[in-house]
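Colleague: I have a model open on my screen and would like to learn how to read it. Could you walk me through a few features?

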Amino acid sequence: MHRLSDAESRPVPSDAADEAVRVRFAPSPTGGLHIGGLRTALFNWLFARRHGGKIVLRIDDTDRERSKEEHLRSILNGFRWLGVTFDEGVEEGGPYGPYRQSERLPLYRAALERLVAEGKAYPCYCTAEELEESRKRQLAEGKTPRYPGTCRNLTPEERAAREAEGRKPVFRLKVDLDRPVVVHDVIRGDVVFPPDQLDDFVIVKSDGMPTYHFASCVDDAEMRITHIIRAEEHLSNTPRHVVLFRALGAPVPTFAHVPMILAPDRTKLSKRHGATSVEEFRALGFLPEAIVNYSLLLGYTPEDGSELFRLEELAPTFDLARIAKHPAVYDVGKLRWMNAHYLRTLPLERVYAYAEPFFKAAGYLPEEPDEAAKKTALERIEAVRERVATLVELVDAVSYFYRPVEAYDEKGVAKHFKNPAEVAERLRLAAERLAAVEPWTLETTEAAYRALIAELGISGGALIHPTRLALSGRTVGPGIFHLMVLLGKAETIRRLEAAIDWLKARA
């Protein structure tokens with residue numbers, strides 16, 4: 001294939017002109033919702049909203065062996081969790097249903113019968129062995145392997161003879177083998193596919209199931225899809241789709257093929273690079289706002305150059321022409337930065353809602369938490385969320401609030417517990433002073449500590465750093481007096497005494 005020069009190509013506008021825009025996202029339920037698939041769905045959603053159109057969620061599940069109901073549930077749940085809605089689909093319904101290809105088989109049969117009756121498709125009885133022999137022969141002659149048209153013009157008698165042998169035919173589309181196919185692509189310009197890259201390809205298999213190409217085009221035509229926005233990997237399929245639309249007597253939609261997403265090493269993104277599906281990112285503690293925001297930055301630059309935005313905010317200015325032609329590079333560091341931003345800035349109640357399943361899994365909350373447990377969790381989340389990037393890190397950061405300190409950070413011990421007898425004595429004096437504090441507030445605990453530090457004639461860190469290690473087992477965290485208030489008076493003193501005993505045993 002090659003791209004036409006400016007003189008050869010015709011301009012293809014990235015807007016939708018005056019037609020009623022209808023786009024679709026059509027995943028196959030052979031796995032979860034991949035980050036690349038999500039980005040494609042979001043581009044479709046934005047384009048539909050930008051032009052007041054409709055977006056359809058269609059499930060392309062004609063691959064009976066690989067399509068699984070659990071994968072479909074995962075895809076639907078993923079969109080629900082992300083807050084991405086559709087106008088028509090398997091759950092929403094709509095005027096062009098059903099929206100699962102496995103439930104649309106009569107439509108494909110009717111379309112095939114019409115193509116055969118019009119002389120645009122025909123049965124092919126060639127065996128796999130015969131096709132392989134033809135392929136080898138063409139390669140030996142230096143030709144591009146193509147179906148040689150063996151069954152293109154069989155007489156009724158010849159067809160009957162092959163069926164009498166027990167051969168079950170596939171059905172092929174008759175393709176004009178002398179003309180190139182031009183794909184008008186909004187992002188890439190016009191792409192020309194020479195005639196030798198096409199042949200009479202199969203549209204219905206011998207078991208009666210439609211191929212991906214045939215089912216997809218029949219559905220796009222039936223559902224009045226005006227624009228097809230999909231991954232670059234489908235560009236090589238598009239010539240077949242163009243000739244199929246023409247054979248079906250349907251308008252050829254406007255195409256836009258979005259660039260690939262590459263791993264940091266510039267290879268195709270795969271599981272060896274870490275999480276790649278929405279389900280995996282969710283399990284790792286990423287927020288839906290961050291995943292949606294980051295996905296849209298993979299190959300798209302908003303007009304104002306902003307990096308942080310909500311999906312709805314981008315819709316009024318979304319333009320397919322702003323999608324990059326070159327591959328996008330996936331950067332988990334950028335995603336973590338963005339996730340940390342949303343953890344810090346989203347309303348606390350929403351962060352709690354996202355965190356609640358993680359707290360329950362860790363045993364920090366019961367299945368039905370009461371208001372007191374929820375209030376405590378909210379306070380603890382607020383105390384640590386400035387310092388974490390994911391919900392998994394958040395749960396780890398609050399762990400010492402929910403269970404006793406079982407070990408002290410090794411580096412912290414070397415630095416802040418290096419004189420066990422001296423530190424033990426300071427912590428003993430601190431525990432005594434705190435025992436007399438009433439009421440237990442940020443102000444009163446700090447006042448007691450500041451007074452003791454002055455009396456001992458030491459730096460603030462000489463008492464505060466060992467205290468933090470004693471109370472949390474860590475060297476970083478919320479402000480020390482905030483930490484004391486969240487732990488409560490009794491637990492604060494108990495942990496100081498436990499650290500004193502630990503230090504004395506090593507003095």
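This is a predicted model: local features need pLDDT of at least 70, side-chain atom pairs count only at pLDDT 80 or more; totals for chains, interfaces and linings use all residues.

Colleague: Let me begin with a pair of helices: how are α6 and α7 oriented to each other?

Modeller: In general, two packed helices are described by the angle between their axes and the distance between the axes. Here α6 (residues 212–222) and α7 (residues 238–247) pack at about 50°, and their axes are 10 Å apart. The two helices are therefore oblique to each other. Their crossing is right-handed.

Colleague: Which residues of α6 and α7 meet?

Modeller: From α6 come Tyr212, His213, Phe214, Cys217, Asp220 and Ala221, and they meet Arg240, His241, Leu244 and Phe245 of α7. Sorted by class, this contact holds six nonpolar, two polar and two charged residues.

Colleague: How many residues of α7 are buried?

Modeller: For this we need a cut-off: a residue is called buried when its relative accessible area is under 20%. Eight of the 10 residues of α7 are buried, so this helix is largely enclosed by the rest of the structure. The buried ones are Thr238, Pro239, His241, Val242, Val243, Leu244, Phe245 and Ala247. Just after α7, you will find glycine 249 with a positive phi of about 75°.

Colleague: Now a single side chain. Is histidine 257 buried or exposed?

Modeller: Histidine 257 is buried, and its relative accessible area is 0%. Look for this residue in strand β11, which covers residues 254–258.

Colleague: With which side chains does the side chain of histidine 257 make polar contacts?

Modeller: One partner is the side chain of arginine 230, at 3.2 Å. Another is the side chain of threonine 238, at 3.0 Å, and Thr238 is among the buried residues of α7. Setting aside neighbours within four places in sequence, the residues in contact with histidine 257 include Asp185, Ile187, Arg188, Glu232 and Leu235.

Colleague: Let me try another helix pair. At what angle do α19 and α21 pack?

Modeller: Helix α19 (residues 460–472) and helix α21 (residues 489–506) pack at about 100°, with 8 Å between their axes. They are therefore roughly perpendicular to each other. Thr467, Ala470 and Leu471 of α19 make the contact with Thr492, Arg495, Leu496 and Ala499 of α21.

Colleague: How does the contact of α19 with α21 divide by class?

Modeller: There are four nonpolar residues, two polar ones and one charged one.

Methods: Residues are numbered from 1 along each chain as its sequence is written. Side-chain values use heavy atoms; hydrogens and water are left out. Axes are lines fitted to C-alpha atoms, for helices over the stretch in contact, and angles run from 0 to 180 degrees between N-to-C directions. Helices (H or I, at least four residues) and strands (E, at least two) are DSSP runs, numbered from the N terminus. Angles under 35 degrees count as roughly parallel, over 145 as roughly antiparallel, 65 to 115 as roughly perpendicular and the rest as oblique. Contact means heavy atoms within 4.5 Å. Ala, Val, Leu, Ile, Met, Phe, Trp, Tyr, Cys and Pro count as nonpolar, Asp, Glu, Lys and Arg as charged, and the others, Gly among them, as polar. A crossing is left-handed if the near helix is turned anticlockwise from the far one by less than a right angle, and right-handed if clockwise. Buried means under 20% relative accessible area, exposed over 50%, partly exposed in between (1.4 Å probe, protein chains only). A polar contact is a pair of N or O atoms within 3.5 Å; within protein, one must be able to donate a hydrogen and the other to accept it, and residues adjacent in sequence count only if both atoms are side-chain atoms.
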